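I opened the notebook to go through one model. Entries follow in the order I looked things up.

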Amino acid sequence: MAGKRIDQPRRKRRQVATRRDALRSAGAIAAGVAFPTLWLRRAAATPADMRAAIAKVVGDAKLNVGRVKLEIPPLVENGNTVPCTVSVDSPMTPEAYVKAIHVFNEKNPQPNVISARLSPRAGRASIATRIRLTDTQTVVAIAEMSDGSFWSDSISVIITLGACLENLI
Amino acid sequence: MASALINVPAKAKRGEIIAIKTLISHHMETGFRHTETGVPIPRDIVTRFVATYNGEEIFSAQFYPAIAANPFITFSTVATESGTFEFQWSGDNGFAATEQAKIIVE
Amino acid sequence: MGALHRDLPPRQGRTFVQIAAIVVVALLRSTLPVLTGDIPVDKRRSTYEQMSADTKAMQDEDTANPGMLWVLDGDVAWRTRTGAAGRSCADCHGEASSTMKGVAARYPAFDANRGAPVNIEERINICRTEHQRAPVLAFESKELLALSVYVARQSRGMPIESSDDRLTPFISAGRYIFERRQGQLNLACVHCHSDNWGQKLAGIPIPQGHPTGYPLYRLEWQTLGSLQRRLRNCLIGMRAEIYPYGAPEYVALETFLMWRARGMPMESPAVRP
């Protein structure tokens, strides 16, 4: 392991670190210039991204809270496969039915999870699937009704991680 | 073609609401992972699922990378007549799979 | 993900583990005692019981259990003719639902030609090379997993059997590995899985670690995997050195773990977090 020579005066060791740091940041800047997209890509989304994704679906309409029930176990054994059920209180008749169900999250790299299209033929507005959640976060489910209104539910989920993982990274 | 597991009741009464469960084999590579040396692994997911009942679409969904591997989805429909359900999955890199299930409605 | 599979030639001669096993057996009584560190037979629990209701539901329903996707593939592979001999598994073994019933429940099994136990994956590869004259399937490959889970599925519900006396030295060798401290944490398997099962580690209850459901769909892997893959995960988690796939240490450990779980029902393909 280089750089750990005790006989070297402190001053010199600090200089070595500074030089290395300078090289490192120069390399990073060069990489950024050569591949600008790497700078723009974020590792994780933010609640603002989720709000933007929801706004794309809801538009200017009011987002009501209620009529939707989002079920995710509050404590999840593994974020790779999380059971997720969305049910909406609706008669599902041709006059009043759920047109679509959308699910969003706030900390995955991308805010969308699933968008499902239903019709009165569904009989019951309920879907269940398995999703991935990268971290403890809030999940939002939005139902788009046939009368143009939007209803939602949100839930906070705690993600735990297994003890003996396969990858050291 | 990818393996799939379908759960559709073999028989139903007319007007009964039935639950349909589908599970397809697919690794759903998110596109956000990297190899140990830092090379990004490209996205490879199922993006669309469509279910038809005697040719008419009864349900469809758009999947995003947040859907877990081996996508599983449960939805419901009203049993109106005997016939065939067809389930179609499509996704990145030209992925396409189709499965069918029959139902007798009395 | 690194080199997960390696094709190894059949084991020849005595390994260090086998010598150690003989020494250990000589020190112990000739029968297999249940030592004081072991979990009492009636207190043994499958990891299934510690899972959440949703994960249990995933395992219980065949059409919701992702492991069944590989069973479907295994059914096709069972009937596919392959190799220079142009034979399928079905040509010799007929319908797996009757001929393979109970087989996985007593594996690893003693192979007289090799003088040592072989696990199901090795047994399949022996059949492929010797009877089908086909190349070996790589460990953790889709094809080998499909066949091994297909065979294991036929033993679902049946009690694990470990009554072959010829396995005694290998069970003792496996016990030696299970109980010795190793790795940077200087930890032995027994410390968590026999002494502290049921308590929490990083928020997760520690299981007793019985191999009742292998090959299984692990949510962490998002795919099906073998018992060897899981044992490698354990060693990585303990910061201990991992053996290559197919190492006799794994087979000795598997043989011991199956003895430790004797009488417990098979659950393959299981689902685990």
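How many bridges join strand S5 of chain C to S7(C), and do these strands run parallel or antiparallel? I found two bridges, and the strands run parallel. S5(C) covers residues 216-218. I noted at the start that this is a predicted model.

**Entry: the sheet.** I looked up one bridge by residue. Tyr217(C) has Val271(C) as its bridge partner in S7(C). Next I traced the sheet itself. It is open, has three strands, and its order in chain C is S6-S5-S7. The pairing is mixed. I then asked which strands stand at the edges. They are S6 (223-225) and S7 (271-272) of chain C. Each has a single partner strand, so one side of each has no neighbour in the sheet. As a reminder to myself, strands of a sheet pair through backbone hydrogen bonds, parallel or antiparallel.

**Entry: chain C overall.** I counted the elements next. Chain C has 11 helices and seven strands. Its length is 273 residues, and 41% of them count as buried. I also checked contact range. Among contacts in chain C with a separation of 6 or more, 76% are between residues 24 or more positions apart.

**Entry: a helix pair.** I picked H8 (residues 168-179) and H11 (residues 248-260) of chain C. Their axes are 7 Å apart, and the packing angle is about 100°. That angle makes H8(C) roughly perpendicular to H11(C). I listed the residues in the contact. From H8(C) they include Phe170(C), Ile171(C), Ile177(C) and Phe178(C). From H11(C) they include Leu253(C), Phe256(C), Leu257(C) and Trp259(C). Arg175(C) of H8(C) and Glu249(C) of H11(C) also take part. By class, I get 10 nonpolar, two polar and two charged residues for this contact.

**Entry: chain C against chain B.** How many residues of chain C are in contact with chain B? I found 10, and they meet 12 residues of chain B. I then asked which element of chain C gives the most to that side. It is helix H3 (residues 67-79) of chain C, with four residues. The side of chain C that touches chain B divides into five nonpolar, four polar and one charged.

**Entry: the nonpolar core.** Last, I looked up the largest nonpolar core. It has 114 residues. Ile101(A) and Ile67(B) touch the most other members.

Methods. Residues are numbered from 1 along each chain as its sequence is written. Chains are lettered from A and ligands numbered from 1 in the order in which they are written. This is a predicted model: local features need pLDDT of at least 70, side-chain atom pairs count only at pLDDT 80 or more; totals for chains, interfaces and linings use all residues. A nonpolar core is a set of buried Ala, Val, Leu, Ile, Met, Phe, Trp, Tyr and Cys residues joined through C-beta atoms within 7 Å. A residue is buried if 20 or more other C-beta atoms lie within 10 Å of its own, exposed if 12 or fewer, and partly exposed in between; C-beta atoms are placed from the backbone. Axes are lines fitted to C-alpha atoms, for helices over the stretch in contact, and angles run from 0 to 180 degrees between N-to-C directions. Angles under 35 degrees count as roughly parallel, over 145 as roughly antiparallel, 65 to 115 as roughly perpendicular and the rest as oblique. Two residues are in contact if their C-beta atoms, placed from the backbone, lie within 7 Å. Ala, Val, Leu, Ile, Met, Phe, Trp, Tyr, Cys and Pro count as nonpolar, Asp, Glu, Lys and Arg as charged, and the others, Gly among them, as polar. Two strands pair if DSSP finds at least two bridges between them.
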